[in-house]
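Here are some exercises to work through with the model open beside you. Try each task before reading its solution.

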Amino acid sequence: MNAAVKNTGKIYFAATGWDPEIWIKAFAKAAPEREIVTEVKAGEEASIDYALVWKQKRGSLANLPNLKVIFSLGAGVDHVFHDDQVPDLPIVRTVSPDLTMRMTEYVVWQVLDHHRLGPQYRAQQLKKVWREDRRQPAASEVNVGIMGLGVLGRDAADKLKHIGFNVSGWSRRPQDVAGVATYHGKDGLSEFLKQVDILVCLLPLTPDTKGILSMSVFGRMKEDGPLGAPILINAGRGGLQNEADIQAALERGLLSAASLDVFETEPLPENSPLWGNPKITITPHAAASSSANALVPEIIRMIRDYERDGTLINLVDREKQY
């Protein structure tokens, strides 16, 4: 058992673009004994024990001598490493049933929308066209391939499998998921891609996965399946996709449609050609928004476990950056 850690300091909320009051209220309710601050004043640097981060300002964690653990407030952690001065301390991914279910809801929604021809029917409605002769394949005829078999990917795979889809998965390292055909590494990617009808990407963004959703992937997918050309759903990170290649793949028929929740630049610029592409469904990075009321109890539990015996779960591998 690891040694206990004395609770003496404050929690620093270093999340840009988020309303801190919501999180302060959640902490006051879940752990009123914990003091949370949104800025570190001169002379108070040594009072900070923990940091809650989302796209923290560069260097904002560098001069906190008693900082012990950094908690990422999102499922991904690439935003943490955008700060080249992030200290060499444990970084913890925040994993909660709420966050997982929200992502699964999004994936299942988009898969079913494409599977049941939602985009085509919405286009018909705009033109006041009644056409009921479109073939709708059974879920058992469709393969949903998930890139990324972490907590989020596994849960989405489980729900899709129970609906009746054939589900396969790809990851960098070997994974064993009940009822899912799994592939791994560069050697397994081609075999995985050639059977996929709907490609769901939930990979972390790392130097190895940056730009992976490109022609090098789209060109290896099957040309025609029960839904036509394959469909892309990316709810992982915007840096995973090459948006010019997605546009080109849609134009060339390598993809028939795409649902994108994340983008290379966010908010998506008004002049982006993605907005006007009728084959693309755009959502504003809303697949799995972090809820303070759901995540704060999880964070408090992890802090208390750490202070009791030094235990930390969901640790990030700094070298792999996930």
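**Exercise 1.** In which loop is His285 found?

*Solution.* A word on the source: this is a predicted model, where local features need pLDDT of at least 70, side-chain atom pairs count only at pLDDT 80 or more, and totals for chains, interfaces and linings use all residues. Residues are numbered from 1 along each chain as its sequence is written, and side-chain values use heavy atoms, with hydrogens and water left out. Now find the loop between S12 and helix H8 (292-309): His285 is there. (Helices, H or I, of at least four residues and strands, E, of at least two are DSSP runs, numbered from the N terminus.) Next, check the backbone: His285 has a positive phi of about 50°, yet it is not a glycine. Finally, His285 has 29% relative accessibility, so it counts as partly exposed (buried is under 20% relative accessible area, exposed over 50%, partly exposed in between, with a 1.4 Å probe and protein chains only).

**Exercise 2.** Work out where Asn314 sits and describe its phi.

*Solution.* Go to the segment after H8, where Asn314 has its place. Then look at phi: for Asn314 the value is near 55°, positive in a residue other than glycine. Asn314 has a relative accessible area of 22%, so it is partly exposed.

**Exercise 3.** Which peptide bond is cis, with omega near -5°?

*Solution.* Pick the bond that runs from Glu266 to Pro267; that's the cis one. Then place Pro267: look in the loop between S11 and strand S12 (280-282).
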